[in-house]
Amino acid sequence: MFQFATKRSRSWYMILCLGFLVAGIFYLVPNNKIQNTIHMLRNEYTNLDTKHVAANNSVAIENRWGVKLQGIHITAAGHMLDFRFQVTDPSKAAPLLDTKNKPTVIIEDSGIKLEVPNTPRIGSLRQTSKQVKGGMIFTILFANPGKMVATGQKLTVHIGDFSVEHIAVGDILNPPPKTSLQ
């Protein structure tokens, strides 16, 4: 077909042909079909159940994900964040305990994402269980490099579709009931 002097000129030719192909497809497909497809995809995206819930809305969190938040606290001399939640409905809370869903914390002031450390000998620093029962409290430790997070800062926690925002570091949310000694 064509002979090229260098591989570079052949690459440019392929990119140019691909560009013409894509432009031709958009030219041949009626514009209203493209707009309808974009509109449909946008509607599907907005209907996904992944909206943030505020940390102070404990009823919505419990109804949606089957957990009561205990809070986020600074631990390990400021180098870790301890996130705790109590399971009230094991079936709803299952995605939070699934190891495939990687937890992240976002510092709301700066947008910096913090993750769970995964050490070679210990593994991921998050608690899991095969037999989850109502009332169990789970812990996830997040790295806090350089002690970026301080007491009082607001954080957003993501675990799969679980997304809770405005969690103040150091606040106790939904404290467990005190037991009386008899």
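Read along the sequence, this protein follows the pattern α-α-β-α-β-β-α-β-β-β-β-β-β-β. The model you are looking at is predicted. Its secondary structure comes to 4 helices and 10 strands. Of the 182 residues, 27% are buried. The accessible surface is about 12600 Å², and carbon and sulfur atoms account for 58% of it. Now think about contacts between residues at least 6 apart in sequence: 62% of these join residues at least 24 apart.

Let's start with a sheet. Strands of a sheet pair through backbone hydrogen bonds, either parallel or antiparallel. Here, an open sheet of 5 strands has the order 1-10-9-4-5, and its pairing is mixed. Which strands stand at the edges? They are strand 1 and strand 5 (113-115); each has a single partner strand, so one side of each is left without a neighbour in the sheet.

Strand 1 (residues 53-54) pairs with strand 10 in the parallel sense, over 2 bridges. Strand 9 (residues 154-159) pairs with strand 10 too, but in the antiparallel sense and over 5 bridges. Strands 9 and 10 also form a hairpin, with 2 residues between them. In that turn, Gly160 has a positive phi of about 60 degrees.

You can trace some of the bridges residue by residue. Val164 in strand 10 is the bridge partner of Val53, and Val164 is also the bridge partner of Val157. Further along strand 10, Ala168 is the bridge partner of Lys154.

## The nonpolar core

How many residues does the largest nonpolar core have? It has 30, and those with the most contacts inside it are Val67, Leu69, Phe83, Phe85, Phe162 and Ile167. Several elements each supply at least two residues of this core, among them helix 3 (58-65), strand 2 (67-75), helix 4 (90-97) and strand 10. Strand 3 gives the most, with 4 residues.

Leaving aside residues up to four places away in sequence, Leu69 touches Ile61, Phe83, Arg84, Phe85, Phe162, Val164, Ile167, Leu173 and Asn174.

## Charged and polar partners

A search of the whole structure finds 1 salt bridge. It links Arg84 with Asp82, and the closest N and O atoms are 2.9 Å apart. Are its two residues buried or exposed? Arg84 counts as partly exposed, at 35% relative accessibility, while Asp82 is buried, with a relative accessible area of 10%.

Both partners also turn up around Thr139, which sits in strand 8 (residues 137-143). Apart from residues up to four places away in sequence, Thr139 touches Asp82, Phe83, Arg84, Arg126 and Gln127. Thr139 is buried because its relative accessible area is 17%, and buried means under 20%.

Next, find Gln153 in the loop between strand 8 and strand 9. Gln153 counts as buried, at 17% relative accessibility. Its side chain makes a polar contact with the side chain of Asp109, at 3.3 Å. Beyond residues up to four places away in sequence, Gln153 touches Ile107, Asp109, Met148, Ile167, Ala168 and Val169. Ile167 belongs to the group with the most contacts inside the largest nonpolar core.

Most residues other than glycine have a negative phi, and most peptide bonds are trans. Ala76 is partly exposed, whereas Ala77 is exposed.

Here are the accessibility values of the residues discussed above.

| Residue | Relative accessible area | Class |
|---|---|---|
| Asp82 | 10% | buried |
| Thr139 | 17% | buried |
| Gln153 | 17% | buried |
| Arg84 | 35% | partly exposed |
| Ala76 | 41% | partly exposed |
| Ala77 | 64% | exposed |

Terms used. Residues are numbered from 1 along each chain as its sequence is written. This is a predicted model: local features need pLDDT of at least 70, side-chain atom pairs count only at pLDDT 80 or more; totals for chains, interfaces and linings use all residues. Side-chain values use heavy atoms; hydrogens and water are left out. Buried means under 20% relative accessible area, exposed over 50%, partly exposed in between (1.4 Å probe, protein chains only). Contact means heavy atoms within 4.5 Å. Two strands pair if DSSP finds at least two bridges between them. A nonpolar core is a set of buried Ala, Val, Leu, Ile, Met, Phe, Trp, Tyr and Cys residues joined through side-chain atoms within 4.5 Å. Accessible areas come from the Shrake-Rupley method with a 1.4 Å probe; for residues, only the protein chains shown count as cover. A salt bridge is a side-chain nitrogen of Lys or Arg within 4 Å of a carboxyl oxygen of Asp or Glu. A polar contact is a pair of N or O atoms within 3.5 Å; within protein, one must be able to donate a hydrogen and the other to accept it, and residues adjacent in sequence count only if both atoms are side-chain atoms.
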